[in-house]
2 protein chains.
Amino acid sequence: MQRTPTESANKMTHPQTAFQGTHTTFSTGFLAKKRSAVFKNTLPYQLHVLRERGYFEAYDHKWEFDPERWPIGDAQYHLFWESDIAKWIEAACYSLYERKNEELVRGIAELVDMLRANQHEDGYLNLHYTLMEPGKRFTNLRDMHELYNAGHLIEAAIAHKEYFRNSDLMKPILKYVDLLCATFGPAEGQIRGYPGHPEIELALCRLFELTNNPKHLALARFFLTERGNPAGVDGKHYYDWEAEQRGERLFERPTYFPTRRAYSYQQAHKPLLEQHTIEGHAVRAMYLLAGLADVGQTSGNDDEIGPYCDVLTRLWKNMVEKKMYLTGGIGSVDQWEGFGIDYSLPQSSDEGGCYAETCASVGVILLAERMLHIAQSGKYSDVMELCLYNTVLGGMSCDGLQFTYTNQLASSDGALSERKKWFNCACCPMNVARLLGSLGGFIWHAYVHSPYEVSIYIHLYESASLFYSVGLMRVVQLEQESNWPWEGKVKFNCKITGKVSVDIYLRTPSWATGWTVTPMLPTIVTDRGYLKLPAKWLAKHSEFCLHVPMQPRLVSPHPFTNQNVVAIARGPLVYCVEDCDNPWVDDHFKSLIFDEAACLTETRKVDEVTKEEYVGITARGQFRFVETEEGHLPGQEMAEVVVEEEEEEEEERPATKARTTPESPVKELHFVPFYFRANRPGKGHMRVGLRKA
Amino acid sequence: MQRTPTESANKMTHPQTAFQGTHTTFSTGFLAKKRSAVFKNTLPYQLHVLRERGYFEAYDHKWEFDPERWPIGDAQYHLFWESDIAKWIEAACYSLYERKNEELVRGIAELVDMLRANQHEDGYLNLHYTLMEPGKRFTNLRDMHELYNAGHLIEAAIAHKEYFRNSDLMKPILKYVDLLCATFGPAEGQIRGYPGHPEIELALCRLFELTNNPKHLALARFFLTERGNPAGVDGKHYYDWEAEQRGERLFERPTYFPTRRAYSYQQAHKPLLEQHTIEGHAVRAMYLLAGLADVGQTSGNDDEIGPYCDVLTRLWKNMVEKKMYLTGGIGSVDQWEGFGIDYSLPQSSDEGGCYAETCASVGVILLAERMLHIAQSGKYSDVMELCLYNTVLGGMSCDGLQFTYTNQLASSDGALSERKKWFNCACCPMNVARLLGSLGGFIWHAYVHSPYEVSIYIHLYESASLFYSVGLMRVVQLEQESNWPWEGKVKFNCKITGKVSVDIYLRTPSWATGWTVTPMLPTIVTDRGYLKLPAKWLAKHSEFCLHVPMQPRLVSPHPFTNQNVVAIARGPLVYCVEDCDNPWVDDHFKSLIFDEAACLTETRKVDEVTKEEYVGITARGQFRFVETEEGHLPGQEMAEVVVEEEEEEEEERPATKARTTPESPVKELHFVPFYFRANRPGKGHMRVGLRKA
């Protein structure tokens, strides 16, 4: 059953469902091509990987530990297997709206059968505790991933039910959720625990949106409010109590805990309402906060909404202003895949770390979409765009068959810029697929205040269309057509039928030096990064156009990051240099000094290998190198190399000439979009931020 | 028994013994005053602390755990108690050469009795395993400190025997060493282990110097060569095997291990000869390498010396060029009190860490002194001077009664610039005391090639004298007189009696812009940072003078550190700004931008509170501030504040005026030597490196 968008502005509609409500379709734009790669290549490939890596055998209980075939090592990666399967089912369901594919339909059916066959009598459903540690379910909420998996299973069930309109997956999952609702909570005999890896909170809110069963919202709320309680059970933090029950010793701690009881890893170091900085594992933090936003917005209870919004706003602010990379990446620390201290944002492993996990940026987008419901402000959609166009799209190769897990801003000998076919912990590839599959719910929000009053916020520009119906009549039909992010012109066509009053709000990106709308508006009303096109004006102008100048600009991180670098950006895209365009490089561009007086020119390109169309940028100037001569004591002044003025020569030094000595300045640097990196053969040298003089 | 320096250049004389051999005395210079503070104030105070903190009760077995009186917490700080006592005895013995003190003599006697009374029948001597974990001796070499303590006991015994000329301490310690020699080694039934915290290696070499007992050198060599063996016992790394024997679990690991089996903490991740970068706990690394140098030099065996020198040279190079702060501090990582990756040298905790433990710089000096025996090169003595004048002297207050443990280059709200009366882990205060006590062995080296042929290398300048006798006749008497580091003039008087041929080598500091010697030398012969004054010239010029210009200069760390800062140095001293001279500061000088065109002037000062005489530096210019306004997205250009040219005004803005807005540039900055920081009342705001424009 597809639904029309009749929710009030207060009531939450999740983007994974909203794109169906708005009947959003993509046509021929940049994002459409990325979605197409996912639908055509990624999803069949991922199904193939699930088979190859033994998931099917495992659920048939024919699985045996075979390190050669499944090199899972210490960390027991089958912990997450339900989540991999669930995210794939979810992504595959989204893809079917746009592109029918019998192979995917069969794969979904097979996986659903497999999950059903593995459900216990009482509804429990988790492979690890069925196969590897039977009898130990729910004894290690801190480290194991039962509730995280359950969350993804819920989301898969929703996607499955919404597309197939049957309950083949929803029914067993509801039974599992019943078990969870009975097991966890504050009552006598219930477990007063909460997941080490949040996800189920937002999933339960999405489920509640469908079921209206108050138990579902209540369980999400319990997980959120109990989290970080210093005296949850017997006067102890739940994770302390739980560890004691397991007989864990004083100096036992998980690999990712830098110190004992480092519960900030799970955002459980203190109650959520008392947290003032964003800490720990970045993906967990994003999912958790998305869940917090959901509980507040779903309940519509002001007593919840107020304090939750305070937490969300201050943690978002801390993250975006002090803990986010130029690319939208978050998390600089490898050990806990998460946030470092304020302003600690090195570009690469050899400079102190740069994690910027793909999933974490997917999480930022999930959270930004929630924040936009709390306050329609460009500060959220700007970040959503930043993450999508750089870290998330950069997490997948152009053909959709290779992936990155971390998205460092510079390579090093120990961490080349490269893509992998798969990962032991395979969260990211599926996450990109399901985000792109549901992207129609993110690019715009339609608030239907009444059947005759609609506001549409347009967050991202792309060739796409939506419509909104009353009964069988399409009363609003909106199309945008654009070659974004390469060109800044967006053509709109808005057809309104009948008595509907429609206001449209166009995002005016904070990176833009200006913008114009044609035909001219009589008065300009902007609010927090959105330009209002009032119903009256729209009634007269069904066709209009937004023009945003797209030209290269120089950007720098905050000086407190101690990253004395400059990067090139153009529109939402951040750029980087790669060795395949600048083959003289031998040190990952680490000693290169950017000439801020360089002349930047852009060129439309079509890459021969990937067929990717993009705008390349060339910088022409005098690019010198830091002197890296050895033998200096710590306190000596490191002089930059003095460059003798060369005689004027007509013929420019070709950029491909080998750099033999740092004394010869390079005269041309070639930049490509960061998302496009590591798509062509090369040595794996790459850098976003180049040293300032 | 005081000895004359008759060793060959190859045979090692340790500085703690050498200062007696050269009869070095200090008169009225800067270092003499620091020594005086230690002898008059620090040592009696430290004896008092030992009493107050329950050491005496503990050795009387009247000790009970009392967290209020002895808040030692989890980490069982009594682990190190022998080392605290031993280092105090050692320092006290050195002090008695210069300044008789009955209180110290009584304290030494009492402690020696106490140690003797606690020795086991078989020679074993360790309080922790006597009192807290009886029966478990030598079961955790990795984490506990038995052998480290034993090393310090050996050094105390040597100092005690050399000063008191009795064996009250040496005898029981030799018995303990016999037990260790029997217990550890490669033979059947021996433990194939080595200390988690090196120290005993260099102590055993020093003992061998005295005893000539080959067992002592052999045990030191065994500890060094077995270290890091990946298959030491039953095909396993010794620490793995040992952990298994203790029943340690897979996820049990010490607090300071960032990851499992992080044996680089103890420099045991691979055999020493295979190590190419300096890693782990900084103090351990320094003691270990000093021990390695000692075994090579003491044995005089070329097969050892060659490979050991290769290791020492490359690890020293890695440390000094890539892992040392402007101040000579080493170790940026708090968790393991040690080295980070190459060029990771943040100035403060809030920028990613700065540990720079006082003991680690003491260790650098111990190692530098060894390196100078391997190759007389200014690159070692320059670093020795850097560490001494900044990090080591900075580790103690002017009155010798307060201390620092870490020596961060910038304060932050969470880690103010301040001194403490004591530390739970109290290694640093005693270490500064014993280093200053034996400083006469570091400032110069006398190589006596034969009774009639002597070379004297002068590494550090100070008012001090040495003499060298044959029989009862003083054949060489050398005095230097200087107000170093405040003035660069050093007057020498060298009296040579009889037929002795003496060459003197004067260090010409690498930071100096030049130097002159008067009377003029006919020809200048310099070699690796030393100026040779040949015997023939000296025979004619018993009085001569070295002039080194002392003026402020700007220094910067290597660009790869991403520390885009500039600091002021003058001679060997690095300077810092403190809030007590610049009281407008409210952010630890973090947002201040140094004006590299500023005019620097120096002023002789006498501080009212501490009576410290020093040269202060004032910089006059336009010092602006980074815009720290909030609300920026990651990719926005952070523009510096544009400063409107103010109208010329005769009256300068007083430097004490409160900074109300960053728009008003500060016009004067007052700098004091880094060692002098945190000696006066203030808010604890301090910084060495100031942001470049």
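In the predicted model, helix α7 (residues 146-164) of chain B packs against helix α8 (residues 170-183) of chain B at an angle of about 145 degrees, and their axes lie 9 Å apart. The crossing of α7(B) past α8(B) is left-handed. On the side of α7(B), the contact is formed by B:Glu146, B:Leu147, B:Ala150, B:Leu153, B:Ile154, B:Ala157, B:Ile158 and B:Lys161, while α8(B) contributes B:Met170, B:Ile173, B:Tyr176, B:Val177 and B:Leu180. Sorted by class, the residues in this contact comprise eleven nonpolar and two charged ones, with no polar residue.

Aromatic rings form 88 pairs over all chains of the structure. One of these joins B:Tyr238 and B:Trp241 in a tilted arrangement, with 5.6 Å from centre to centre and 35 degrees between the planes. Both residues belong to helix α11 (residues 238-245) of chain B, where they are three residues apart, about one turn of the helix. B:Tyr238 has a relative accessible area of 2% and is therefore buried, whereas B:Trp241, at 21% relative accessibility, is partly exposed. For B:Tyr256 and B:Phe257, the ring centres are 5.7 Å apart and the planes stand at 75 degrees, so that this pair is classed as edge-to-face; B:Phe257 is buried, at 1% relative accessibility. In chain A, ring pairs connect A:Tyr194, A:Tyr238, A:Tyr239, A:Trp241, A:Tyr256, A:Phe257, A:Tyr263 and A:Tyr265 into a cluster.

Charged side chains also sit over aromatic rings: the charged end of B:Arg137 is placed over the ring of B:Tyr124, 4.0 Å from its centre, and the charged end of A:Lys590 lies over the ring of B:Phe560, 5.1 Å from its centre.

Key
Residues are numbered from 1 along each chain as its sequence is written. Chains are lettered from A and ligands numbered from 1 in the order in which they are written. This is a predicted model: local features need pLDDT of at least 70, side-chain atom pairs count only at pLDDT 80 or more; totals for chains, interfaces and linings use all residues. Side-chain values use heavy atoms; hydrogens and water are left out. Axes are lines fitted to C-alpha atoms, for helices over the stretch in contact, and angles run from 0 to 180 degrees between N-to-C directions. Helices (H or I, at least four residues) and strands (E, at least two) are DSSP runs, numbered from the N terminus. A crossing is left-handed if the near helix is turned anticlockwise from the far one by less than a right angle, and right-handed if clockwise. Contact means heavy atoms within 4.5 Å. Ala, Val, Leu, Ile, Met, Phe, Trp, Tyr, Cys and Pro count as nonpolar, Asp, Glu, Lys and Arg as charged, and the others, Gly among them, as polar. Rings of Phe, Tyr and Trp (its six-membered ring) pair if their centres lie within 6.5 Å; planes under 30 degrees apart count as stacked, over 60 as edge-to-face and the rest as tilted. Buried means under 20% relative accessible area, exposed over 50%, partly exposed in between (1.4 Å probe, protein chains only). A charge sits over a ring if NZ of Lys or CZ of Arg is within 6 Å of the ring centre and within 35 degrees of the ring normal.
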